[in-house]
Structure formats: structure tokens, C-alpha cells
Amino acid sequence: MTSSAESTTEGDLGADPPARVASRVVRALGVPTSALVAEVPSPQAVVVALHGGATNSVYFDHPGHPRLSLLRTAAALGFTVLAMDRPGYGSSAAYEHEVDTPERRTDIAWAGVGALLDGRERGAGIFLWAHSAGCELAVRMAADDMRGNGALLGVELAGMGREHHPSTLGAIEAWGRDPSRARPGLRHALWHPRDAYPPDVHGGHRIGAPSPAYEGRRRGWQDDFARLAARIAVPVHLTLAEHEQVWRNGPAALADLATLFTAAPRVVAEEQAGAGHNTSVGHTAPAYHLKVLSFVEECVLGVGRGDGDE
């Protein structure tokens, strides 16, 4: 089942006509799964983008800001992009009882990718690109690549770390105890600094979405993270923002994070200059997207993967 909602916006990169972003809904193991899709003919690869908490797939295609859009930027460079609503968001918001376990969410996500790409060209394979809370799902998906038919090229994890930022730790712990309550301290951390974002983007009013209950239940995740990260056997790119206040950042934190990916043939860890936590909707989003898309291009070419290396 495919919805008919489509959008085009002037000002996209490149000389070709602007990318068309279409809303689609498919069934994934009986659960309706929605996505924003920018499809190109004969793609180099497919980028599967997974949003963070309290937002949805529109995070990667912010209304009125095509220059910040991962979907439009990547499509202009020859990549098909699926920005999926994670289980419990979008069309599956009413199915919380069916997405309550990490294993079930992982199965649904891979099934959704398969359904969205059914009969469509995939190019060299699939690249997982995740932000913040979406990194949990991406790590679980990447740790069991066979559910993706062994077609995984690489992974980008942005806005995820090993230790929470000291200034925000209390607010995060309080939110974990009761995700239904607003936490001004956490909101400040998510959107700091104000001048890193266009005025109508700051605060996320146009991309916000209710979080499913499971988002607040992440006890033991850091142990799972270390165990699963060690099983990811494709190149990994890691990004923390210069002004990150949800996770501890800086060169030492990035280096520590990179040590988890012991099976990856290549790990690149970078700080995004000028960015706050929400790297894909700030002023530096075009620079961030182009930087990671160059890494995707290298994955397509097999750089650091051993494919064709002499």
C-alpha cells in the first residue's frame, strides 16, 4: 500500500530537477510501516535513515528547508534514501503492543526495508544512517546483517555516545523514570546552542512526534551496545557535535566510542564543527551530510572493506 502524498521543493543541490520525496506505507510483519522516500534511477546505493526520539522521518526532510534535507542532498548525488518511521512512530504509533521488544523492532525494521525496496534497484547495497535514539535500532540491525540479506555496506551513528554529558545526566535519568513529563533541562541540551539552527527549526516544533513508551526503557543498553557493536563487520562512521550536551563529546569521547567496533574493517570518528545535537537540521547539516555521503561513496567503492584491495 502506497500513499499518494508527494512533495518537491525548489533549491535542491545539483542541476537536475529537484528530488521528489514521496510518503509510502508498507506492511512489515503485519505492522504498517511508513517512510519518506527519495528514489533515483540506478542508485549507487540505498541509504536507510533512522530518526531519533520524539520526532519522525521528517527530521531528514525538514519542511521549508530543502538545503538541510538528507533525502534531497543524497538523491542529488545518486543515492536512493528511505527515511523510515521507527517502530512505534508514524503509521505504527497505534501498534505499541507489537513493537515492545528490541528483537521485534529489529525484525520489523528489516522487513520494512525489504518491503519498501521490493522490485526496486538497490545499487551496491544498503547503508544505515541513524541519529540519537535511532542508533540503538541501527546497531541491532547492523549486528545481524543477514536479516538484510548480507547487503549492508556501512553504518553512520550520530548523536550517540558511551556516557551522558555531565550537565544533562540528572535530566536524562529523570526522563527515564517518567518519559511522559517534559524535562526543560533535557530539551535545552537537545537544542543547544540556539544559533546552531534556523529560528523556525530550533526547538523542533515542526518535526516533533510523541515517543512510544519503550523509548524510556533503556536499562542495560550500554552493555548491549558494547556487545552488539563488536559484531558489526562493516565500515562505521561516528559523529558527535561540537556543542553536544546529551552525550560526553570531544576527541577522547569519540576515540573511546570507536574502540567498541572491534570487528569493523574501518572506523572513522569525527566531530561536526558548529553543530548541536540535532546534526541533520542545523545550519551545518549540508556540511555534515556531504561529509558522511563521501564515506558512503567510499563504502560503495569498497574502500577499507577489503573488496578489491591490493
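Predicted model: local features only at pLDDT ≥ 70, side-chain atom pairs only at ≥ 80, totals over all residues.
Me: At what distance from the ring centre of Y214 does R105 lie?
Reply: Residues are numbered from 1 along each chain as its sequence is written, and side-chain values use heavy atoms, with hydrogens and water left out. A charge sits over a ring if NZ of Lys or CZ of Arg is within 6 Å of the ring centre and within 35 degrees of the ring normal. R105 lies over the face of Y214, and the distance from the ring centre is 3.6 Å.

Me: What is the angle between the planes of Y59 and F60?
Reply: Rings of Phe, Tyr and Trp (its six-membered ring) pair if their centres lie within 6.5 Å; planes under 30 degrees apart count as stacked, over 60 as edge-to-face and the rest as tilted. By this rule there are seven aromatic pairs. Y59 and F60 form one that is edge-to-face, with 5.0 Å from centre to centre and an angle between the planes of 85°.

Me: Why is the pair of W191 and Y197 called edge-to-face?
Reply: A pair of aromatic rings is described by the distance of the centres and the angle of the planes. The ring centres of W191 and Y197 are 4.9 Å apart. The pair is edge-to-face because its planes are at 65°.

Me: Is H277 buried or exposed?
Reply: H277 has its place in the loop between β9 (267-272) and α8 (285-301); such helices (H or I, at least four residues) and strands (E, at least two) are DSSP runs, numbered from the N terminus. Buried means under 20% relative accessible area, exposed over 50%, and partly exposed in between (1.4 Å probe, protein chains only). The relative accessible area of H277 is 1%, so this residue is buried.

Me: Which side chain is joined to H277 by a polar contact of 2.9 Å?
Reply: A polar contact is a pair of N or O atoms within 3.5 Å; within protein, one must be able to donate a hydrogen and the other to accept it, and residues adjacent in sequence count only if both atoms are side-chain atoms. The side chains of H277 and S132 are joined at 3.0 Å. The polar contact of 2.9 Å joins the side chain of H277 to that of E244.

Me: How many residues does α8 have?
Reply: The expected span of a helix is 1.5 Å times one less than its number of residues. From first C-alpha to last, α8 reaches 24 Å, close to the 24 Å expected, and its number of residues is 17.

Me: Which peptide bond is cis, with omega near -10°?
Reply: P193 has its place in the loop between α5 (184-190) and α6 (221-229). The cis bond runs from H192 to P193.

Me: What is the relative accessible area of S42?
Reply: S42 lies in the loop between β3 (31-38) and β4 (46-50). Its phi is positive, about 50°, although S42 is not a glycine. S42 is exposed, because its relative accessible area is 54%.

Me: How far apart in space are V81 and W129, C-alpha to C-alpha?
Reply: V81 is found in strand β5 (residues 80-84) and counts as buried at 0% relative accessibility. Beyond four places in sequence, V81 touches residues including L36, V47 and L70. V81 and W129 are 48 residues apart in sequence, and in space their C-alpha atoms are apart by 9.9 Å.

Notes. Contact = heavy atoms within 4.5 Å.
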